[in-house]
Each structure stands twice: as structure tokens, then as C-alpha cells.
Amino acid sequence: MVELPEELRTRPPRNPSQQPIARITIDAYTRMKAELKDLTEVGRPYISERIKIAREHGDIRENSEYDAAKNEQGLMESKIRKLEQMLRDPEIVEAPTDADAVGPGMLVTVRPLDDDDPETETYLLAEHAEEKADGARTVTTTSPFGSALIGTAEGQEIVYEAPGGSFRYVIVGFEPHAG
């Protein structure tokens, strides 16, 4: 069982009809909390200072520095709202420890079958895009590629449809992501 931080242990129980906002590992929760803290304690003051300096350059209607700082502020505030929403009431899930087939929380190594010079690629199959693994790109279980990976085994071929066409891969291997 995962040891939950105090703010999650002491939260009121969820109503039976209420769904969690996100299903994430404790590793993702901790990383997202740190990112939120950094954005609010360091990012906000930094952007405010950039806006203040840009305003001092005169007319803000034709000030590209001011426009750039305001755009960056908008993107940062959007990221802050997204993190706050996800951290409000997440369901903490445990990363798998062993499996016979690919599932969420697995690092999956695949090789493209249609490339002239195929190189293996490693992905973290996750329930949420905020999950991360060093050296691997994250693919969600709801994406076309992610849903094609679920339940597969080593040596199995998959095909999935995406806006760019049909893509074929072979599963080279998979293992639980230790976090």
C-alpha cells in the first residue's frame, strides 16, 4: 500500500457517486505538487517583474516585451489551474510490480515495422499525461496508440490508426515503471 501524504490521508471521503479528478501515482502527485509550488512561488513573481519592466518601456500597445510577458503569464496561470484541479481530489494508484501483459504504469519498448531503419522506442503507458518516466515518452491509455498497447505481450504486433495513417509496431518488451 502506498503511504499517502497527510493532506490526502485527512481529506473528507469522496461521495459514492463522485469520480476522482485524476488517477495518478504518488510519484506524479509529488512531482505535480512541487511544480505547482514552483510556479506559484517563483514563476508568478518572475512574470510580474517582467511585466513591470516591460511597462516601464512606454506605450504597452506596441510593446512586444509586454505582450510576450502577458502571454507567458496566461500560459502559466492555465498550468497552475490545471495542476490545482488535478491535485484537489486525485485517486492515488500504485504502479504495477509485475504483469503478463501491458497495462497502465508500464514502460513499453516497441519497434516500428514500417520504417526503413527502425530503432526501438520506449513509452510510459499512463492513465494521465502528467505521469512521467526518464528516457520515455508518455502515452495515455485513451490515445489510439495507448489503447492498442493495452493487453499486448512481448513479440506481439499492433496496428493503430491515427490522423497520419496506419502505424505498425512490434512489442519488444515491457516492465513496470518503478517511479
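Q: Which conventions apply to the model and its numbering?
A: Residues are numbered from 1 along each chain as its sequence is written, and side-chain values use heavy atoms, without hydrogens or water. The model is predicted, so local features need pLDDT of at least 70 and side-chain atom pairs count only at pLDDT 80 or more, while totals for chains, interfaces and linings use all residues.

Q: Is Thr141 buried or exposed?
A: Buried means under 20% relative accessible area, exposed over 50%, and partly exposed in between (1.4 Å probe, protein chains only). Thr141 has a relative accessible area of 15%, so Thr141 is buried. Thr141 sits in the loop between strand S5 (137-140) and helix H4 (144-149).

Q: Which residues is Thr141 in contact with, leaving aside neighbours within four places in sequence?
A: Contact means heavy atoms within 4.5 Å. On that basis Thr141 touches Pro104, Leu125, Ala126, Glu127, Gly146, Ser147 and Ile150.

Q: Where is Glu127 found?
A: Glu127 is in the loop between S4 and S5. Its relative accessibility is 35%, so Glu127 counts as partly exposed. With neighbours within four places in sequence left out, Glu127 is in contact with Arg23, Pro104 and Thr141.

Q: Which residues gather in a patch of negative charge?
A: A patch joins like charges within 9 Å, using residues with over 30% relative accessible area and no salt bridge; Asp and Glu count as negative. Here Asp115, Asp116, Asp117 and Glu119 form such a patch on the surface. Asp116 lies in the loop between strand S3 (106-112) and strand S4 (121-126), and is exposed because its relative accessible area is 85%.

Terms used: Patch = residues over 30% accessible without salt bridge, like charges linked within 9 Å, V, L, I, M, F, W, Y side chains within 5 Å. Areas by Shrake-Rupley, 256 points an atom, 1.4 Å probe, with all protein chains shown as cover. Salt bridge = Lys/Arg side-chain N within 4 Å of Asp/Glu carboxyl O. Charge placed at Lys NZ, Arg CZ, Asp CG, Glu CD. Helix = DSSP H or I, 4+ residues; strand = E, 2+ residues; numbered from the N terminus.
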